[in-house]
Amino acid sequence: MTDDLKIAIISLDIKQENPAENFIALENALDSLQQGVDIVVLPELFSTGFISNQDKLNTLAENTTGNTITRLHQLADKYNLAIAGSYLCKLASTILNRAFFIEPGGDDSYYDKKHLFSLSPEKKLLYSGLNRCRTIRYRGWNISMIICYDLRFPVWCRNIKNDYDLLLVPANWPKVRSFAWKHLLIARAIENQAYIAGANRSGEDKYGEYSDLSYIFDPTGKNIGENTDNIVYATLSKKSIEDIRTKLPVINDADNFTINNL
């Protein structure tokens, strides 16, 4: 079991509809990483940005054996770390906003975004996921994932029976709603007694500006991320999270419930 886990958020300035340029930026960032990183977290739709044109969606979306996931596996192996984020996934005629957790050695896990933002074309163009992320076991840690707008729905994010130690949140969350973004991340960390990494993109698109909004919070809601050259780093402590859960065992008073996915 690994007591400490080092994570890095790479806040890519996503080039719209340009996977080739986004992969170049990713590889340049990976080359500059500090030593000892276990997990890299990328923004939501890191390779394309959000696309509102149906024809372009059909062209750029890929299945899990396509170029995007294949290259992520190669990079995870090359740098001996896990890579998490989300991309446009095409399954038959269905297009999903799919989170990935790609491990060195070939293992991978996926989660499809449940809550699609109805104030944008997202809800009309993409299909909603039905299932919560299964717990990912990696280097002695239990990890879960949500995507961006999912953060606003605490029941969906609920850490049932302390199933996860770390929640990863790839996002494209604009500055105009930055107060909500930061404080919802803090709330999810505190109420679930877990670390949380909010990986926002940088730059801007037609929906807003995004820079300087990537955070890593500990289970008490303290910001522990340190920004170095637009990469946010933090080292997470398993002992710290276990101490917090022992001293304040809120799980013993938690409500039992069942989530209806339909």
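The structure is a predicted model, in which local features need pLDDT of at least 70 and side-chain atom pairs count only at pLDDT 80 or more, whereas totals for chains, interfaces and linings use all residues. Residues are numbered from 1 along each chain as its sequence is written, and side-chain values use heavy atoms, with hydrogens and water left out.

Aromatic rings were considered first. Rings of Phe, Tyr and Trp (for Trp, its six-membered ring) are taken to pair if their centres lie within 6.5 Å; a pair is stacked if the planes are under 30 degrees apart, edge-to-face if they are over 60, and tilted otherwise. By this rule, ten aromatic pairs are counted. One of them joins Tyr149 and Phe153: the ring centres are 5.2 Å apart and the planes stand at 90 degrees, so this pair is edge-to-face. Tyr149 counts as buried, at 19% relative accessibility, while Phe153 is partly exposed, at 29%. One aromatic cluster is formed by Phe23, Phe46, Tyr87 and Phe100.

Phe23 also has a charged residue over its face: Arg71 lies 4.2 Å from the ring centre. A charge is said to sit over a ring if NZ of Lys or CZ of Arg is within 6 Å of the ring centre and within 35 degrees of the ring normal. Lys238 likewise lies over the face of Trp141, at 5.0 Å from the ring centre.

The cysteines were examined next. A disulfide is a covalent bond between the sulfur atoms of two cysteines; here it is assigned to a pair of cysteine sulfur atoms within 2.5 Å. The count by this rule is zero. The sulfur of Cys89 has its closest cysteine sulfur in Cys133, 14 Å away, which is too far for a bond. Cys157 is also in no disulfide, and the nearest cysteine sulfur, that of Cys133, is 11 Å away. Cys89 is buried, with a relative accessible area of 0%, and Cys157 is buried at 2%.

Finally, Ser32 is placed in the loop between α1 (19-31) and β2 (39-41). Helices (H or I, at least four residues) and strands (E, at least two) are DSSP runs numbered from the N terminus. Ser32 is partly exposed, with a relative accessible area of 49%. Apart from neighbours within four places in sequence, Ser32 is in contact (heavy atoms within 4.5 Å) with Ile231 and Tyr233. Ser32 and Ile231 are 199 residues apart in sequence, yet their C-alpha atoms are 9.5 Å apart in space.

Terms used
Buried means under 20% relative accessible area, exposed over 50%, partly exposed in between (1.4 Å probe, protein chains only).
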